[in-house]
Structure formats: C-alpha cells, structure tokens
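Please look through the sequence and the model first, and then read the notes grouped by topic below.

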Amino acid sequence: MIDRINLLKAEIDSLRAISREEVEQLRLKYLSKKGLVSALFDDFKSVPAELKREVGALLNELKHASHEKFESLKSDFDTKETSDPAGQDLTRPAVNALPGARHPLSIVRNQIIDIFARIGFTVAEGPEIEDDWHNFSALNFTPDHPARDMQDTFFIASNPDILLRTHTSSVQIRTMESTKPPIRMIFPGRVFRNEAISARAHCIFHQVEGLYIDKHVSFTDLKQTLMYFAKEMFGENTEIRLRPSYFPFTEPSGEMDVSCLICGGVGCNICKHTGWVEILGCGMVDPNALENCGIDSTVYTGFAFGMGIERITMLKYQIKDLRLFFENDVRFLQQFTGAF
Ligand code: PHE
C-alpha cells in the first residue's frame with residue numbers, strides 16, 4: 001500500500017497538461033469520487049490496524065499534494081493566458097521527471113554482447129524487412145518448407161516475396177556475402193513470427209545469433225564457446241547439454257539446454273522437473289549455406305547459434321509472463337532501475 005501511495009504521488013507530481021481541459025480530465029482521473037486517489041482511500045479499510053497511522057498520514061499527504069498540483073497546473077494557464085499569449089512561460093518550475101531505467105531486454109542483450117566481445121565477437125545488424133533469399137533460400141530452406149507458410153511468417157509482398165524477418169540468420173547471410181572469412185560475429189535484433197500472443201509466445205521477440213567461420217572450425221569449438229557463454233551468463237556452476245535437432249542451414253544441428261538455475265538441476269516447476277531448460281539452437285553451418293554466399297566449403301567450416309533474448313531474461317530474472325516485456329508498465333520496468 002505504501003509503495004502504491006508513493007508511486008501515485010510520483011506519477012501525479014510529474015503530470016503535465018497542454019490545456020485547461022486536459023487539467024480537468026486529469027483532475028477527474030485522479031481526484032474524482034471514482035478516481036485513483038479515492039480508490040486508495042477505499043483500500044485503506046483493509047490496512048492492518050498497526051499500519052493505519054502511518055498509511056493514513058501518507059494518504060492525507062497525497063491528497064493534499066494532489067490538490068496543490070492541480071491548482072498549480074490550473075494557475076499555469078491563468079498566468080499564460082493573461083501574461084503570455086505565446087503560451088510559453090519560461091519561469092515555470094521544471095517537471096519532476098522520474099529516473100529512467102534500461103529495459104530488461106536491453107540489459108540482457110548488452111550482457112550477451114559483452115560476453116561474446118570478450119572472446120573476439122563483433123556485432124552486426126541488418127534490416128527487419130527482408131527478402132526471401134536472405135531469410136529463407138540462402139539458408140537452404142526448401143521451397144515447400146513450412147516456415148514459409150503464411151501461418152508463420154508476416155509477408156509484406158509476394159512475388160518477389162518481402163517479409164518481416166523470422167530470425168536474424170538473415171544477417172548471417174548478409175555478412176557472409178559481404179565479408180571474407182575469418183568471421184566471428186553476433187547479430188542481435190528484433191524478429192517477427194505469426195504467433196498467438198500468450199505468456200510464452202509473442203509475434204515480436206528478440207534474438208542474438210552468432211557465427212564463426214574459419215579454416216578448421218569444429219563442433220568442439222562450438223561446444224566450448226557455448227559452455228563459456230552459459231557459465232558467464234548464468235554462473236560458474238552451470239552445466240550444458242546438447243541434444244540433436246534439425247535446422248535447414250546447419251548440419252549437424254543441436255539444441256542446447258542449461259542446468260536449471262532455479263533448482264540447480266534437481267527438478268522444479270520452471271524446468272518441468274527435468275533439471276534442464278532449453279536456451280538455444282546451434283550447429284555447424286551447412287556447406288550449402290556457405291556456397292550460397294560464395295564461401296568455399298572445402299576450405300572453410302563454421303558454426304552458428306541463435307537464442308531468444310526474452311527467454312534468457314525470463315530465466316535470469318524469473319519472469320513468468322512474456323507479455324510484461326511489451327506492456328511498458330512502469331511498475332514492472334522500474335524494478336530494473338540501477339541495473340545496467
Ligand atoms: N535461426 C534459428 C531460429 O531462429 C536459430 C539458429 C541459429 C539455429 C543458428 C541454428 C543455428 O530458430
């Protein structure tokens with residue numbers, strides 16, 4: 001309750017209005033009988049007896065401060081209209097802005113970039129609107145692959161197909177087309193899939209993919225790199241395991257699990273009692289994908305991997321609902337103030 005009072009106080013404190021009508025609308029929102037301040041007074045009944053004194057005093061302070069705030073907002077327009085027809089009163093006190101916080105997805109994206117930077121990976125970005133070649137064909141997707149289906153991909157135009165990229169593997173293709181190996185890069189960015197929005201899925205999410213191409217790159221290098229990443233991201237005691245999987249652009253392909261951070265591998269709700277949680281897809285770059293980009297697959301080999309930033313963030317901060325990332329609710333976001 002005290003938190004809610006303080007939050008509302010800060011919110012009202014930072015209010016601005018551009019017209020007298022807006023001041024009145026805001027006043028109704030906060031101070032009318034059904035307003036947000038009055039709602040807190042209603043909740044006062046359920047405050048435990050021993051806290052009533054403290055909470056009561058805070059509530060009265062809030063009410064008083066809110067009345068003053070709206071008086072001052074109103075009087076701004078009085079002075080403006082009488083003394084400043086241009087509507088600019090440079091003597092007005094500055095708005096008391098709340099401190100900002102980095103979005104949790106940005107915090108984790110930056111951590112991922114830092115971790116890979118320490119072993120020599122640089123960052124590249126590419127367009128969110130892609131053509132079929134960079135998102136699918138160059139990556140060895142067959143013409144009838146289900147991912148090309150309208151159900152999964154947001155197409156903007158057909159024939160030639162233009163779409164919202166479904167993964168940042170498209171940036172891997174762009175990089176391989178334009179850069180001579182050795183290549184050691186990661187590709188953070190926003191991707192789009194036609195998914196029904198729920199606690200575990202969204203039509204927009206964020207990925208970081210990685211690519212390493214050189215002579216003699218082997219699966220051992222891939223595994224070692226991912227183990228380094230998992231320990232840096234989730235802690236020294238983290239274990240990894242790789243399971244066989246399939247992607248058109250890698251061969252062999254795998255999915256990587258990390259030992260559950262919550263229960264340490266014993267089994268809990270988060271890991272569905274398996275002790276493991278899946279965090280990324282990976283594999284050795286398919287020779288077809290290399291050749292599609294003009295890289296000689298008899299000379300060069302490489303590995304690639306891709307992870308969802310939301311998933312890593314949810315694990316790290318134990319966030320249960322993906323939708324929180326996109327709602328911009330200050331009560332959620334302000335918990336990350338001070339974290340970088
Ligand atoms: N592009 C894959 C996806 O979006 C992830 C991936 C990247 C898998 C690189 C293997 C290698 O699901």
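**Overview**

The model is a predicted one, in which local features need pLDDT of at least 70, side-chain atom pairs count only at pLDDT 80 or more, and totals for chains, interfaces and linings use all residues. Residues are numbered from 1 along each chain as its sequence is written, and side-chain values use heavy atoms, with hydrogens and water left out.

Helices (H or I, at least four residues) and strands (E, at least two) are DSSP runs, numbered from the N terminus. Angles run from 0 to 180 degrees between N-to-C directions, and axes are lines fitted to C-alpha atoms, for helices over the stretch in contact.

**Domains**

- The protein chain is divided into domain 1 (2-85) and domain 2 (104-336), with bounds that come from an automatic or database domain assignment.
- The centres of domain 1 and domain 2, taken over C-alpha atoms, are separated by 46 Å.

- Strands of a sheet pair through backbone hydrogen bonds, either parallel or antiparallel.

**Strand β10 and its partners**

- In strand β10 (residues 301-308), 7 of the 8 residues are buried, that is, under 20% relative accessible area with a 1.4 Å probe and protein chains only.
- Strand β6 (residues 204-214) pairs with β10 in the antiparallel sense over 8 bridges.
- F305 in β10 is the bridge partner of G210, and V208 stands opposite M307 in β10.
- Strand β9 (residues 276-285) also runs antiparallel to β10, and 5 bridges join them.
- For L280, the bridge partner in β10 is M307.

**The sheet of 3 strands**

- A further open sheet has 3 strands in the order β2-β4-β3, with antiparallel pairing.
- Its edge strands are β2 (129-131) and β3 (155-157), each of which pairs on one side only.
- Neighbouring strands of this sheet are turned by 35° against each other on average, direction ignored.
- β2 and strand β4 (residues 162-164) run antiparallel and are joined by 3 bridges; L163 in β4 is the bridge partner of E130.

**Helices α8 and α10**

- Helix α8 (residues 219-234) and helix α10 (residues 309-317) pack at an angle of about 45°, and their axes are 11 Å apart.
- The two helices α8 and α10 are therefore oblique to each other, a class for angles that are not under 35 degrees (roughly parallel), over 145 (roughly antiparallel) or 65 to 115 (roughly perpendicular).
- F229, M233 and F234 of α8 meet I312, L315 and K316 of α10 in this contact, where contact means heavy atoms within 4.5 Å.
- The buried residues of α10 are I309, E310, I312, T313, M314 and L315.
- The cover over these buried residues of α10 includes α5, β6, α8, β9, β10 and α11 (324-327).

Conventions:
Buried means under 20% relative accessible area, exposed over 50%, partly exposed in between (1.4 Å probe, protein chains only). Two strands pair if DSSP finds at least two bridges between them.
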